[in-house]
Structure formats: C-alpha cells, structure tokens
Amino acid sequence: MPLSVAAREAFLAEPHIASLAVEAGAGRAPMTVPVWYDYSPGGEIRFLTDGDSLKAKLIAKAGRFAVLVQRASPTYRYVSVEGPVIRSGPTTLEDLTRISGRYLPPDAVDGYVAGSDLNVLVTFRMRPERWLSADLGSLG
C-alpha cells in the first residue's frame, strides 16, 4: 500500500541510512552506495561527500540522483525518491554538524566534526520529484 504524502515525508525525515543511486554511464548499472543524509518534510534532500569521489563526479555529470530508505522490522516500509540536483557547493560546518548529528551519539558529534576536512567536502541538495513508497505490513 503506498504511503500518504505526509507519511512518506515523515518516514524519509527519520535518520535511515540511504542507498544513493546515480547513473554510472553506458553499459554500467547505476552506482549505488550508502549515505547519511538530511531531510525535513517539504524540503530538499542533502548529503555530503568528498568532492573528488566518483560519486560526486557522477552526480555532477548526471545532474540528478535517487535515494532509497527502508525499514525491515514490522512493518516493512520503504520510500524511494528521485530528483534533480538544485545546488551543490562546499560543505559548511552547519551541514556537517547537522547531518552527523542525525547518526552519531551526541557526545561523538564534536569529535567527528573536528576530525573532518571541510576543505574536501561538498554538499549536494536534491529537490524530490518522483516518489515511490509502500508499507507492506508485517512480513511475519
């Protein structure tokens, strides 16, 4: 059963590890990698990566990407969203702190941020355009 707009946006806003997919070129399957991300209902999806990474280069070339988040415990649920990159640029301290704070214990965030090199990180922002979602109920 597809999720309502409010339910899919609320689910995507939870701190899941996303599977990011981006076109990898002729004769290749899409590159698919796990990422930490940030999302608030009605907003943009943000994630950061090393600006020299293959992932960053492929996203810059394709101009769009997709993310998939899922929950395997009852009830099985997923949200997949795809859209264009609306902005990319150097990662700010605020971006790094906000995204890492979604995934790390509060007492680990400052150390993680201090050990990160903002000079090499780039933040991509995507505007969700196409959504797929479902709650498949209990699988047990």
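Me: Is Tyr-103 buried or exposed, and what is its relative accessible area?

Reply: This is a predicted model. In it, Tyr-103 has a relative accessible area of 16%. Buried means under 20%, so Tyr-103 counts as buried.

Me: Which aromatic pair links distant parts of the chain, with Tyr-103 as one partner?

Reply: Start with the idea. A pair of aromatic rings is described by two values, the distance of the centres and the angle of the planes. Now the case here. The count comes to six aromatic pairs. In one of them, Trp-36 and Tyr-103 have ring centres 5.0 Å apart, with planes at 10 degrees, so this pair is stacked. Trp-36 sits in the loop between strand 2 (31-35) and strand 3 (45-50), while Tyr-103 belongs to helix 3 (residues 93-103). The two are 67 residues apart.

Me: What is the relative accessible area of Trp-36?

Reply: Trp-36 has 28%, so it is partly exposed. Ring pairs also join Trp-36 and Tyr-103 with Tyr-112 in a cluster.

Me: How is the pair of Phe-47 and Phe-65 arranged?

Reply: Phe-47 and Phe-65 are edge-to-face. Their centres are 5.4 Å apart, and the planes make 80 degrees. Phe-47 lies in strand 3 and Phe-65 in strand 4 (residues 64-71), 18 residues apart.

Me: Which residues touch the most other members of the largest nonpolar core?

Reply: The general idea: in soluble globular proteins, nonpolar side chains tend to be buried together. Here the largest core has 34 residues. Leu-12, Leu-20, Tyr-37, Ile-45, Phe-47 and Phe-65 touch the most other members. By element, strand 6 (residues 121-126) gives the most to this core, with four residues.

Me: What does Leu-20 touch?

Reply: Leave out residues up to four places away in sequence. Then the contacts of Leu-20 include Met-31, Val-33, Val-35, Ile-59 and Val-67. Phe-47 and Phe-65 are also among them.

Me: Where does Arg-102 lie relative to Tyr-37?

Reply: Arg-102 lies over the face of the Tyr-37 ring, at 5.0 Å from the ring centre.

Me: Is Arg-77 buried or exposed?

Reply: Arg-77 has a relative accessible area of 18%, so it is buried. Its place is in strand 5 (residues 76-90).

Me: With which side chain does Arg-77 make a polar contact?

Reply: The partner is the side chain of Asp-135, at 2.7 Å. Arg-77 also touches Leu-3, Phe-11, Val-69, Gln-70, Arg-71 and Ala-134, again leaving out residues up to four places away in sequence.

Conventions
Residues numbered from 1 in each chain as written. Predicted model: local features only at pLDDT ≥ 70, side-chain atom pairs only at ≥ 80, totals over all residues. Heavy atoms only, no water. Buried < 20%, exposed > 50% of the residue type's maximum accessible area, 1.4 Å probe, protein only. Polar contact = N/O pair within 3.5 Å; in protein donor to acceptor, adjacent residues only side chain to side chain. Contact = heavy atoms within 4.5 Å. Core = buried A, V, L, I, M, F, W, Y, C linked by side-chain atoms within 4.5 Å. Phe/Tyr/Trp six-rings, centres within 6.5 Å; stacked < 30°, edge-to-face > 60°. Lys NZ or Arg CZ within 6 Å of the ring centre and 35° of its normal.
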